[in-house]
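Work through the exercises below with the model open. Try each task before reading its solution.

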Amino acid sequence: MFTVIKSLGLFGLNAFPVDVELSISRGSPQFEIVGLPDATVRESRERIRSALGAVGVPIPPRHIVVNLAPADIKKIGTMHDLAILLCILVGCGQIDPQPQTCAFIGEVSLSGHVRSVNGVLPMALLAARCGIETLYVPVENAAEASAADITVYGVHHISDLIAHLRDESLIPKQTPYTPAAEEYHETLDFADVKGQQNVRYALEIAASGGHNALMIGSPGSGKSMLAKRIPTILPEMTRAESLETTQIYSIAGMLDPKHPLMTRRPFRAPHHTISGAGLVGGGAIPHPGEVSLSHNGLLFLDELAEFDRRTLELLRQPLEDHIVTITRVSGTVSYPCSFMLVGAMNPCPCGYFGHPRRKCTCSQNQVRNYLNRISGPLLDRFDLHIEVEPVSFDDLSATKKSEDSASIRKRVFAARRIQQERFRDSGIFCNAAIPAGKLQQYCPIDDDAGVLLRAVFDKLGLSARAYDRILKVARTIADLDRSEVIRKNHIAAATQMRSLDRKYWTQ
């Protein structure tokens with residue numbers, strides 16, 4: 001007896017079709033699984049044996065061989081349990097052979113319940129592209145799979161599935177998941193921030209153009225408070241961005257079953273003790289790190305100078321290429337990581353270097369060594385260097401509310417709409433992503449701005465990367481001013497936000 005059931009596999013973010021083939025023949029009773037299964041897949045024999053016993057279908061005392069094709073790709077995880085079990089049911093004559101337009105994903109428990117698995121969305125999207133018309137998944141994953149525009153059935157127990165396939169008691173189709181129209185009711189708001197007008201404006205620029213920003217200032221000046229409010233002014237995610245981000249969270253097992261499609265931009269703030277693998281991804285089976293979990297969102301690194309320098313250096317390539325590639329013996333996986341990086345740090349070990357009212361107790365060498373924990377190449381990748389001054393008593397005691405996030409968000413949205421129109425059909429989504437070869441096309445400057453930019457470049461000894469980033473920030477400032485051409489005041493403002501490297505790093 002030979003039969004085939006369609007399933008899907010996953011390695012990293014890469015889904016692939018799997019044909020679960022079954023052969024039952026005479027011989028010594030044996031149950032083998034071949035086709036490069038890992039230990040988890042091989043252990044499915046005992047799960048399936050117990051689950052079939054729970055519904056009164058013993059495995060026949062025959063020689064059973066299950067092949068997971070293609071046999072040259074390693075199979076990892078428990079998502080093939082359901083397909084293997086159905087193969088045995090077909091081989092035993094308990095159900096009819098299933099059409100090749102149906103696929104089955106899910107882990108089977110000893111009692112026959114179908115447990116959820118990670119990575120259902122990327123597998124469902126592949127199924128839709130491969131011509132699969134019907135997908136059976138664990139009931140907890142059904143809403144997530146329905147985002148792939150495919151017919152989905154959520155299976156709670158294998159007895160329900162058997163009854164469904166026999167046309168005895170049908171499982172209802174999963175209604176395609178549609179995110180509720182959410183209004184912004186944030187617990188955090190820029191209205192809570194006292195003073196700091198220059199920092200608020202700089203963060204508005206960063207959000208408008210997707211720029212990386214570094215805030216440096218003494219303890220208690222509000223750096224973390226400001227950073228945590230940046231998501232409240234970021235633009236809404238498009239459907240394509242939502243699907244990309246949801247896939248990453250799906251394979252990481254971090255999706256909320258009640259809200260299986262991410263519609264809010266992620267905000268990640270790892271502790272400074274994080275390892276390199278935790279930051280960019282890794283492990284024997286490469287898992288996404290914080291840079292990928294921040295995809296289409298914001299990665300906030302508080303106490304930046306306290307991070308291990310070697311760990312920080314791992315950010316350089318992802319920040320440039322917006323993709324991180326992890327190679328292990330088991331294979332190579334690439335994860336997208338297009339994120340906005342925001343850092344916050346003190347200016348010295350004691351935190352009060354340059355403070356207007358408190359004396360710094362650090363020597364010049366201590367200040368220099370502390371700040372040199374951030375390498376020049378990494379510093380270059382921050383578009384904005386923002387000095388956060390201590391808040392004055394008058395600002396703290398003021399009763400007038402500061403401008404709220406909703407008002408700032410309107411200007412950010414308007415600037416983003418200008419960029420969407422400018423970059424239509426170009427594959428560019430924001431000013432920060434303009435490639436070097438397109439700067440002249442998208443960043444026209446007038447004569448006065450050109451003269452100022454040359455003077456700044458020569459005086460500060462900027463790198464080519466810093467030059468590009470000044471132009472991109474100036475482009476965003478011009479968009480906020482609704483100006484097609486970058487003018488002198490835009491270059492001046494962008495340059496002012498690159499002053500930290502000159503002020504601190506050359507002590």
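## Exercise 1: A threonine in a helix

Thr311 has its place in helix H12 (residues 309-313). Helices here are DSSP runs of H or I with at least four residues, strands are E runs of at least two, and both are numbered from the N terminus. The model is predicted: local features need pLDDT of at least 70, side-chain atom pairs count only at pLDDT 80 or more, and totals for chains, interfaces and linings use all residues. Residues are numbered from 1 along each chain as its sequence is written, and side-chain values use heavy atoms, with hydrogens and water left out.

Task: is Thr311 buried or exposed, and which residues does Thr311 touch?

Solution. 
- Step 1. Take the cut-offs: buried means under 20% relative accessible area, exposed over 50%, partly exposed in between (1.4 Å probe, protein chains only).
- Step 2. Apply them. Thr311 has a relative accessible area of 6%, so Thr311 is buried.
- Step 3. List the neighbours. A contact means heavy atoms within 4.5 Å. Leaving out residues up to four places away in sequence, Thr311 touches Ile274, Ser275, Gly276 and Leu279.

## Exercise 2: The overall picture

Task: how many helices and strands are in the protein, and what percentage of its residues count as buried?

Solution. 
- Step 1. Count the elements: 22 helices and 18 strands.
- Step 2. Check burial. Of 507 residues, 54% count as buried.
- Step 3. Along the principal axes, the C-alpha atoms fill a box of roughly 85 × 45 × 45 Å.
- Step 4. Look at sequence separation. Among contacts with a separation of 6 or more, 74% come from residues 24 or more positions apart.

## Exercise 3: Pairing strands

Task: in what order do the strands of the 5-strand open sheet run, and which strands are at its edges?

Solution. 
- Step 1. Read the order. The open sheet runs S11-S14-S17-S10-S18, with parallel pairing.
- Step 2. Find the edges. Strand S11 (267-268) and strand S18 (384-388) each pair on one side only.
- Step 3. Strand S14 (residues 298-302) and strand S17 (residues 340-345) are parallel over 5 bridges. Leu301 stands opposite Gly343 in S17.
- Step 4. Turn to a hairpin. S15 and S16 have 2 residues between them. Strand S15 (residues 323-328) and strand S16 (residues 331-336) pair in the antiparallel sense over 6 bridges. Ile326 stands opposite Val333 in S16.

## Exercise 4: Covered elements

Task: how many residues of helix H6 are buried, and how many of strand S9?

Solution. 
- Step 1. Start with helix H6 (residues 158-165). Here 6 of the 8 residues are buried, so H6 is largely enclosed by the rest of the structure.
- Step 2. Name them: Ile158, Leu161, Ile162, Ala163, His164 and Leu165.
- Step 3. Take strand S9 (residues 151-155). It is mostly covered, with 4 of its 5 residues buried.
- Step 4. Find the partner of S9. Strand S8 (residues 134-138) pairs with S9 in the parallel sense over 5 bridges. The bridge partner of Leu135 in S9 is Val152.

## Exercise 5: Backbone exceptions

Solution. 
- Step 1. Recall the background: most residues other than glycine have a negative phi, and most peptide bonds are trans.
- Step 2. Pro70 is in the loop between strand S4 (63-69) and helix H3 (81-91).
- Step 3. Take Asp167. Its phi is positive, about 60 degrees, although Asp167 is not a glycine. Asp167 is in the loop between H6 and helix H7 (197-209). With a relative accessible area of 64%, Asp167 is exposed.
- Step 4. Take His322. Its phi is also positive, about 60 degrees. His322 is in the loop between helix H13 (316-321) and S15. At 33% relative accessibility, His322 counts as partly exposed.

## Exercise 6: Cysteines

Solution. 
- Step 1. Set the limit: a disulfide is a pair of cysteine sulfur atoms within 2.5 Å.
- Step 2. Compare. The sulfur of Cys348 is 3.5 Å from that of Cys350, its closest cysteine sulfur, so the pair is too far apart for a bond.
- Step 3. Check the total. The whole structure has 0 disulfides.

How values were computed: Two strands pair if DSSP finds at least two bridges between them.
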